Amino acid sequence: MMMIIVAKGCRKIVGGRGSGKALVTAQPINFLAMVDPKTGVITDKKHELAGKSLKGRVLVYPNAVGSSVGAYVFYSLARNGVAPSAIACTTKAADITTASGCAIANIPMVDMLPAGAGIKSGVSVTVDADAGTITTAEKTAATV
């Protein structure tokens with residue numbers, strides 16, 4: 001199977017590889033207030049991902065908001081087996097909650113995802129944080 005590089009030049013925050021269907025949002029997430037650490041489901045009805053599970057997904061989002069204690073939610077998600085398989089932040093610099101949460105939960109993470117990467121929810125992707133790439137075997141909107 002030929003892999004297509006969807007994004008390169010991402011910055012490694014937490015090393016490793018994670019694969020799964022992308023879960024993409026342009027909205028920040030308050031992990032302490034909006035994510036059920038036992039189920040991995042986003043509970044805030046006003047969020048565009050309301051009712052969606054993070055379990056085994058590659059979360060593509062701008063950043064976390066709210067208390068830095070939200071980092072411990074990442075750890076709880078991992079401990080409960082419902083964590084995302086990887087995270088890609090669309091901002092130029094990862095926020096402290098996401099970075100520290102991924103570090104303590106050992107979730108591969110990159111930031112500086114290039115604009116125009118064209119990753120869509122539901123597309124199977126692999127984040128290789130060590131290589132700074134996101135790849136897919138599926139055709140997506142763009143590659144950068």
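Helices (H or I, at least four residues) and strands (E, at least two) are DSSP runs, numbered from the N terminus. The structure is a predicted model, in which local features need pLDDT of at least 70 and side-chain atom pairs count only at pLDDT 80 or more, while totals for chains, interfaces and linings use all residues. Residues are numbered from 1 along each chain as its sequence is written, and side-chain values use heavy atoms, with hydrogens and water left out.

**Figure 1. The protein chain as a whole.** The protein chain has three helices and eight strands, and along the sequence these follow the pattern β-β-β-α-β-α-β-α-β-β-β. The radius of gyration, taken over C-alpha atoms, is compared here with a globule rule of 2.2 Å times the number of residues to the power 0.38. The value for the protein chain is 14 Å, close to the 15 Å that the rule gives for 144 residues, so the chain is as compact as a globular protein of that length. Along its principal axes, the C-alpha trace spans about 40 × 25 × 25 Å.

**Figure 2. The largest nonpolar core.** A nonpolar core is a set of buried Ala, Val, Leu, Ile, Met, Phe, Trp, Tyr and Cys residues joined through side-chain atoms within 4.5 Å, where buried means under 20% relative accessible area, exposed over 50%, and partly exposed in between (1.4 Å probe, protein chains only). The largest such core has 22 residues, and those with the most contacts inside it are Phe31, Tyr61 and Ile87. Two or more residues each come from strand 4 (58-61), helix 2 (71-79), strand 5 (86-89) and helix 3 (96-105), and helix 2 gives the most, with three residues.

**Figure 3. The surroundings of Phe31.** With contact taken as heavy atoms within 4.5 Å, and leaving aside neighbours within four places in sequence, Phe31 is in contact with residues including Leu54, Leu59, Tyr61, Val73 and Leu77. A second, separate core of 17 residues includes Ala7, Cys10, Ala117 and Ala129.

**Figure 4. Two loop residues with positive phi.** Asn106, in the loop between helix 3 and strand 6 (109-111), has a positive phi of about 55° although it is not a glycine, and at 59% relative accessibility Asn106 counts as exposed. Met112, in the loop between strand 6 and strand 7 (124-128), likewise is not a glycine and has a positive phi of about 60°, but Met112 is partly exposed, with a relative accessible area of 36%.
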